[in-house]
Amino acid sequence: MSRNDQMEAAGARPSFVTAPDRRLSPLRRALIAGALGLLLLAVLAGAQTYRWIFADLPQLPAASEPARLEAALWSLNRPPGVAFHDRNGALIATRGPRHGQRVPLSELPPYVPRAFLAAEDRRFHQHRGVDWRGVVRALRENWQAGRVVQGGSTLTQQLVKIVLLSPEQSFKRKLQEAVLATRLERRLSKDQILTLYLHRAYFGEGAYGVEAAARTYFGKTARGLTLSEAALLAALPKAPSRLDPTNGMGEALARSHLILRLMREEGWITPGQEQAARRNPPVLSPPPGGEGDFGYVLDLAAAQAQALVPANSPDLIVQLSVDPRLQSAAVRIVRQGLRNGPRRWGADQAALVALAPDGTVRALVGGVDHRLSPYNRAVHARRQPGSAFKPIVFAAALETGVSPTDVRIDAPVRFGRWAPENYGGGHQGAMTVEQALVRSRNTIAVKLADETGPEKVGAFARRLGITTLPERPYLSVALGAHEVTLLELTGAYQAFQLGGRRPPAVSLIERITSTRGDLLYARAPSAPVPVMDPLKAAQMQRMLQGVIARGTGRAAAIGRPAAGKTGTTQDWRDAWFVGFTPDWAAGVWVGNDDDDPTRKVTGGDLPAVLWRRFMLEAHQGLPVRDFDVAAPDRQDLDARDRFYAELAAEFAREAGP
């Protein structure tokens, strides 16, 4: 029985009281809806703010190991710079920003990294990327001063700004900086972060990193910095342009004194060390010289280096094959030879190339003055070689069975409407093939090219490294009518120099490393490639020796075994001498950029003289030696010439009129 039934049975009235009405009033509903709306707006605003801050937040490189991450940050977003060294390892010049090689903290004097910590972040070892105490202190100082007088960025944040962020000054950028700094601290050690900062900070004068800065301002490695020098360098990253010591030491020195005081307050140096550093201020080294004699070399090396290494390897140390002594000699000889050129020779430009037997470039001059004209005439100028191309024609003929002792007639010839003539006119009748090359007879050269076939001559030239000839050259190829470069033609002569072999390629770069020490490229030593029969090459050696001994190249004689060939083009527009000894191959070109005729300069004139002067300097200290590949017939050359002249005369008599 229910309670009401019991009450009714007892005579009492049942209770009908209902539960209170729990429905919300309109006001309360409005308040709750408003709160939910505000919460939703806050969430949306927070999401939008998060997106605003982090949508374009750069990501740290996805390297799993700290060492790999450090290596990735070493070159990330780094401005390109290249340091060029000669074959002896000495610095020639730098182009673009200078990036010093990596110097571990353990190899630096202890006061060097401490100077930077005093200047930028004394609590570096106490925070984890963001120094909140420093932030509060900076806010207080700036509030009291009414302007920004102190920054709160840690050294880690500055590294993030250098490597990952733009120089933009904004609240958003500061938040991103803090986030990335915190992430970086979780993945790298303090020493790794400090090392990266020391090698990525900008110090002015194009120097990035403490090693490059030490060499730029003091001419020494960072390993040898004094305390006063370290303090001065630590002062520069704050404002590299304003504090540039080369424009006056005042402000930079004052800041370095502040850094010394902070180091003493931190207990990193003694008062005596501070006073000694103040009494012995740093002395700047003389500014480095320009590129001097190496302008044309560096232009070529820079282009080759870009093709040899990945695009993301900007900070390079490129070791060249160039010999600084020979390079200086080559530049001096070219300039002296052309000093009175426009007046005496009617020529305003010259170029010179010298190659070692391994195909490496030991000297390269692309013009009289790189500052006035950087156009490299040794590498890029395509000019007609004239008779300097004849050795390739004669060598191709030898390969088809022609012998140096074969007789040809120097007489008028005609091929269709073309009737080639000899330089200076006239004809000398019957002579051997060797004599024809020594005397540079055009008619016989054309006959040999016709017998051999211009296509075979072109194919043989390409085998020797000439890339500029067409697939089907004209018969005029025999007289050097097709254009070549000095570098390629000189390289082609190495096939004669090396007994029928030539280096796989002409090379200027020996090694390329990054400033971290990573090897990016090394020229692999390789044996010369066979390109012609050794006996035929020996015959060419002997014939080209005759050019210098008895022919058009007498002015190139240097008193030791040497071989070469002169070249002069129509109207004396180009004059060449290309030749070699057992030790060197070298080529010289003289002419005018506008293709104007010279004052009848021939290959046996100024080019041969310049070649001789250079070769005399190049062979200083070298023993006199003959070519390794010798012709089997070593009888007296003059007696042999008389023999074949008499034989040719007898053939002519028998042939009759």
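## A guided walk

Gln494 counts as buried because its relative accessibility is 1%, where buried means under 20% relative accessible area, exposed over 50% and partly exposed in between, using a 1.4 Å probe and protein chains only. Before going further, please note that this is a predicted model, in which local features need pLDDT of at least 70 and side-chain atom pairs count only at pLDDT 80 or more, while totals for chains, interfaces and linings use all residues. Residues are numbered from 1 along each chain as its sequence is written, and side-chain values use heavy atoms, with hydrogens and water left out.

Gln494 sits in helix H20, residues 486–497; helices (H or I, at least four residues) and strands (E, at least two) are DSSP runs numbered from the N terminus. Its side chain reaches the backbone oxygen of Ala356 at 2.8 Å. Setting aside residues up to four places away in sequence, Gln494 touches residues including Leu355, Pro357, Arg501 and Ala585, contact being heavy atoms within 4.5 Å.

Now turn to the open sheet, where five strands follow the order E7-E6-E16-E15-E14 with antiparallel pairing; two strands pair if DSSP finds at least two bridges between them. Strands E7 (361–365) and E14 (563–568) stand at the edges with a single partner strand each, so one side of each has no neighbour in the sheet. E14 is joined to E15 (residues 574–580) by six bridges, and Gly564 has Gly579 in E15 as its bridge partner. Helix H21 (residues 534–550) lies across E14 and E15, at about 65 degrees to E14; axes are lines fitted to C-alpha atoms, for helices over the stretch in contact, and angles run from 0 to 180 degrees between N-to-C directions.

Next, is strand E1 enclosed by the rest of the structure or left open? Five of the five residues of E1 (residues 81–85) are buried, so the strand is largely enclosed. Gly81, Ala83 and His85 lie on one side, with Val82 and Phe84 on the other. E1 runs parallel to strand E5 (residues 315–320), joined by five bridges, and Val82 stands opposite Leu316 there. With strand E2 (residues 91–95), E1 pairs in the antiparallel sense over four bridges, and His85 stands opposite Leu91.

Finally, Leu320 is in contact with residues including Phe84, His85 and Ile92, leaving aside neighbours within four places in sequence.

Definitions and conventions. Polar contact = N/O pair within 3.5 Å; in protein donor to acceptor, adjacent residues only side chain to side chain.
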